Amino acid sequence: MAAATAALTVALPATGAAQPVSGTAAPVRYEAESASIPQGAVESNPAGRSGPGFVNRTEVAANYVRAFDPKGNKSDFSPETTASTRGSQPGGVPDPGAVSPLASGVDVGWGLAFLPDGAGVYTERNTFNVHRLTKSGTKTLLGKVPNSQTTGGEGGLMGVEVSPNFATDRYLYFLHTSGDGNRIARMKLEADNALSGYTVLLRGMQKSRFHNGGRLRFGPDGKLYASMGDAQNQSLAQNRNSLNGKILRINQDGTIPSDNPFGNAVWSMGHRNPQGIDFDSKGRLWQAEFGDGTMDEVNPIQKGGNYGWPSCEGTSGSCSGYIAPKKTWSTSAASPSGLTVVNDHVFVATTRGERVYRLRIDASANLVEQKTYFQGAYGRLRTVEVDRDGDIWLTTSADKDDTPGNDRILLIDVVYSGGPPTGGFRPTGSAFNDNGGRPGQRPGVSVRRDAA
């Protein structure tokens, strides 16, 4: 990454947050005990506090918060919080630069997500293995996802996502094919780097040799979103009672959110084989979708939206009344699998197209200024994700040659230009509920930040 800043994220517990001490007077100032300490160090607690204090896994910079009322009275410190700094995606236009190998011997690396310490977690579609991979290239096998099976085509162990509450629950989420169809499941990553506690959260998605979708992404609303293909049964895409041919949305425990549009896990419908999904800075969900033989597409996903398949493919067919894509390509130039958003630039990794596209989201939510990277340089490309430092990890997908273990994960140094840092201090928790937790909105909050 050519430019970087550090961002502090503080997760306050849901109960017991600091409260003012003078009746109902609103707090006018908040104070945080703070520190900036190197990785692995332990910092003592404030006077009179018990507990482990600062235990640093990357960089750590806060632990307790208390409130002051207009008379200067102060509350007790809040219960212990966890806080870590992480590399913050710098602002400006992201331009992929130098490429270096990060891992080899990978067998169809499919899902990729990042742990709080910055390490990646990736899945292998056909072996059902889950690996931890550091940015220095150290690879550790975490285990297999039970009850997984391939389909002789596109099914197997696909998406992975890290819990938003990983520091406390250590959950990893998976989308995989099983004997009874496609499933979303959850497992715990134990302290000894072993997976345990396999739990099915959502089942009922039909499987097929092809069109199994497979991506997972937590949204800014804390819900888990998933892309699910039509299982080569076109009629399912227009059936609201089917989970196939859909973008799905569930709670972290697998239950159905009360505000889903159809009373089930369906969030949007009319999809053929959607895969890559991610959110932009305004909280809008973007999705990449494989077309049949005419057009691939990128869509902004709307709650309850219908995207037209099988009547409409891209902008071809009977498309009246359906939501139109913001970008299409011929299937030979794309076949898009992975999608990530960096500073409101959509990056799409393509398999058949063997390239990465970058498109800017403009003020009207159109995709403009397309640029193409790595065309033909690394073969079929499956997954593109941005790490906590703002660099891109890219997986190859030589799955058509039937040779196991010949894929790679590449690290791409991203050069940023033309803008200020977009990262920053983002506290969450009950102590900050009244204003959404932005530092400029809370008088007197002061927590030290240091460059990572």
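This is a predicted model: local features need pLDDT of at least 70, side-chain atom pairs count only at pLDDT 80 or more; totals for chains, interfaces and linings use all residues.
**Figure 1. Arg170, another positive phi.** Here the backbone angle phi is near 60° for Arg170, again a positive value in a residue other than glycine. You can find Arg170 in the loop between α1 (166-169) and β13 (171-178).

Figure 2. Follow the chain from Trp309 to Pro310 and you will cross a cis peptide bond, with omega near 10°. Pro310 belongs to the loop between β22 (295-301) and β23 (312-313). For background, most peptide bonds are trans.

Figure 3. Strand β17 covers residues 224-228, and Leu224 is part of it. Leu224 has a relative accessible area of 1%, so it counts as buried. Which residues surround it? Leaving aside neighbours within four places in sequence, the contacts of Leu224 include Glu161, Tyr173, Ile184, Phe218 and Ile250. Along the sequence, Leu224 and Gly254 are 30 residues apart, while in space their C-alpha atoms are 8.7 Å apart.

**Figure 4. Thr396 and its polar partners.** This threonine is found in strand β31, which spans residues 392-396. Thr396 is buried, with a relative accessible area of 4%. Its side chain makes a polar contact with the side chain of Asp407, at 3.0 Å. A polar atom of the Thr396 side chain also lies 2.8 Å from the backbone nitrogen of Arg408. Thr396 and Asp407 are 11 residues apart in sequence, and the distance between their C-alpha atoms is 5.5 Å. Not counting residues up to four places away, Thr396 also touches others, among them Gly109, Tyr378 and Leu410.

**Figure 5. His345 in strand β27.** The strand shown here runs over residues 345-350 and contains His345. With a relative accessible area of 5%, His345 is buried. A polar atom of the His345 side chain lies 3.0 Å from the backbone oxygen of Asn343. Beyond residues up to four places away in sequence, His345 touches Val93, Pro94, Thr340, Arg358, Leu359 and Arg360.

**Figure 6. The second largest pocket.** How much space lies in this pocket? The volume comes to about 600 Å³. The second largest pocket is lined by 33 residues, and the closest to its centre are Glu154, Phe210, Arg380, Asp399 and Lys400. Sorted by class, this lining has five nonpolar, 14 polar and 14 charged residues.

Figure 7. The secondary structure comes to one helix and 32 strands. Of the 452 residues in the protein, 54% are buried. Among contacts with a separation of 6 or more, 56% join residues 24 or more positions apart. The accessible surface is about 17,800 Å², and 46% of it belongs to carbon and sulfur atoms.

Notes
Residues are numbered from 1 along each chain as its sequence is written. Side-chain values use heavy atoms; hydrogens and water are left out. On a 1 Å grid over the protein atoms alone, a cavity is a set of points where a 1.4 Å probe fits but cannot get out, and a pocket is an open set with protein on both sides within 12 Å along at least five of seven lines; lining residues have an atom within 4 Å of a point. Grid points are joined across faces, edges and corners, and a volume is the space filled by probe spheres set on the points. Ala, Val, Leu, Ile, Met, Phe, Trp, Tyr, Cys and Pro count as nonpolar, Asp, Glu, Lys and Arg as charged, and the others, Gly among them, as polar. Helices (H or I, at least four residues) and strands (E, at least two) are DSSP runs, numbered from the N terminus. Buried means under 20% relative accessible area, exposed over 50%, partly exposed in between (1.4 Å probe, protein chains only). A polar contact is a pair of N or O atoms within 3.5 Å; within protein, one must be able to donate a hydrogen and the other to accept it, and residues adjacent in sequence count only if both atoms are side-chain atoms. Contact means heavy atoms within 4.5 Å. Accessible areas come from the Shrake-Rupley method with a 1.4 Å probe; for residues, only the protein chains shown count as cover.
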